Amino acid sequence: MSSFSDLPSLIPFHLNFFSYKQLQNAESHFGSLKAALQANRSDWQNAKIVGDKQVDGLFDESLEKRIDETLEWGQGAQQDLVAIGSDEFPDMLKGIADPPILLAVRGSVSLLSDPQLAIVGSRHASRQGINTAKDFANFLSDQGLGIVSGLALGIDTAAHEGGLLGIGKTIAVVATGLDRIYPASNKALAHRIVEQGAMISEFPLGTKPLTYHFPKRNRIISGLSVGTLVIEAAVKSGSLITAKTALEQGREVFAVPGSINNPQAKGCHQLIKQGAKLVESGQDVLEELVSVLGGDWPVHEAREGSSANGEEIGKTEKQSVSKNGILRFIEYDPIGLDELLVLSKMPVYEIQSQLTMLELSGEIEAMSAGRWRRIK
């Protein structure tokens, strides 16, 4: 792969979304990447390596300017371009069937070669799911594993935050160019990740968050990692695509079970039925990975605020009532009035009033023995 380490030769193909296989075919057909770039349009059309749109891109008059802009970006502070033929390109990712040909990196390049665990899940996660993801990530990061996720809202955000609390830190794999932050609400988190971990993308600068880029991004999340942990995912979700890709890449897949009444747990249950390892704690994950990481993998004591058993962290933090009021504390598992009183710190009459309104709006339903559960 050393022939793919020359950035000026590689970037034109990166800017035109060449896959690794297409890059190999171009080198094989023309003799080298430099020779391929010197070939004329008819040579490319006759070669039938890529479609007309990609061929047009190689001869676009703006290409030289974009190459210079990309190279200049790679010279910025905490900004790097890592070619697939370079020594800095992570071996785990290099070993998948369709690795990216170039990675743009903001933050620590060396972190990419450390052992990683992917944690993914629903953008619409429950409060319990958020706490679980952050807790698992914190514990496993404390054990030296980097936490990889996709910077989305919900489980991804919690995984990154938990990863930053430990020594393993976190990597955000994004589906846009690195000159953009998506979603914009995670701008502050992205800044922290760049300062302490890394953000990476295979997409050229300026790339927008197009829907079809996200499944492509997911293979990098799983490809960087020794295993993928799914926490809350619907049956049809990007998280299950990531898990499927992980299996195809020969990586471990773990899933946290949830309530049978929670639609966001059904994807995890499906994975478990299909052979994913059911885990209830970070320690469960670590024990399964010992053979992959090596028998001498150091196990560190969990720091204060980190938990090995999946319990909620930060219990001393003051609870606050969100704009949704009491609904914030109601999940898919039934909850009683006494527990709502403790969690919300609200008067009984206010809780009962809100419960009535939530029942009327169809967001919760009353159960037996004075309990309620979320239904949407």
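1. Ground rules first. Because the model is predicted, local features need pLDDT of at least 70 and side-chain atom pairs count only at pLDDT 80 or more, while totals for chains, interfaces and linings use all residues. Residues are numbered from 1 along each chain as its sequence is written, and side-chain values use heavy atoms, with hydrogens and water left out.

2. Let's start with the backbone. Most residues other than glycine have a negative phi, and most peptide bonds are trans. With that in mind, have a look at the bond from Tyr182 to Pro183, which is cis, with omega near 0°. Pro183 sits in the loop between β5 (170-173) and α10 (187-196). Helices (H or I, at least four residues) and strands (E, at least two) are DSSP runs, numbered from the N terminus.

3. Next comes Lys169, a residue that is not a glycine and yet has a positive phi of about 65°. You will find Lys169 in the loop between α9 (155-165) and β5. Its relative accessible area is 22%, so Lys169 is partly exposed. On this scale, buried means under 20% relative accessible area, exposed means over 50%, and partly exposed lies in between (1.4 Å probe, protein chains only).

4. Glu232 also deserves a look: it is not a glycine, but its phi is positive, at about 60°. The loop between β7 (227-231) and α12 (238-248) holds Glu232. With a relative accessible area of 10%, Glu232 is buried.

5. Which residues does Ser126 touch beyond its sequence neighbours? Leaving aside those within four places in sequence, Ser126 is in contact (heavy atoms within 4.5 Å) with Glu232 and Glu331. Ser126 belongs to the loop between β3 (116-121) and α8 (127-142), and it is buried, at 9% relative accessible area.

6. Now to charged pairs. Side chains of opposite charge can pair when their charged atoms come close. How many salt bridges does a search of the whole structure find? The search finds six, a salt bridge being a side-chain nitrogen of Lys or Arg within 4 Å of a carboxyl oxygen of Asp or Glu.

7. One of these joins the side chains of Arg219 and Asp98, at 3.3 Å from N to O. Arg219 lies in helix α11 (residues 213-223) and Asp98 in the loop between α7 (91-94) and β2 (102-107), so this pair ties together parts that are 121 residues apart in sequence. Arg219 is buried, with a relative accessible area of 9%, whereas Asp98 is partly exposed at 39%.

8. Arg219 has another salt bridge, with the side chain of Glu202, at 2.7 Å from N to O. Since Glu202 is in the loop between β6 (198-201) and α11, and Arg219 is in helix α11, the pair ties together parts that are 17 residues apart in sequence. Both Arg219 and Glu202 are buried.

9. The pair Lys277 and Glu252 forms a salt bridge too, with the closest N and O atoms 2.7 Å apart. Here Lys277 is in strand β9 (residues 277-278) and Glu252 in strand β8 (residues 252-256), so the pair ties together parts that are 25 residues apart in sequence. Lys277 counts as partly exposed, at 28% relative accessibility, and Glu252 is partly exposed at 23%.

10. To return to Arg219: salt bridges that share partners join Asp98, Glu202 and Arg219 into one network.
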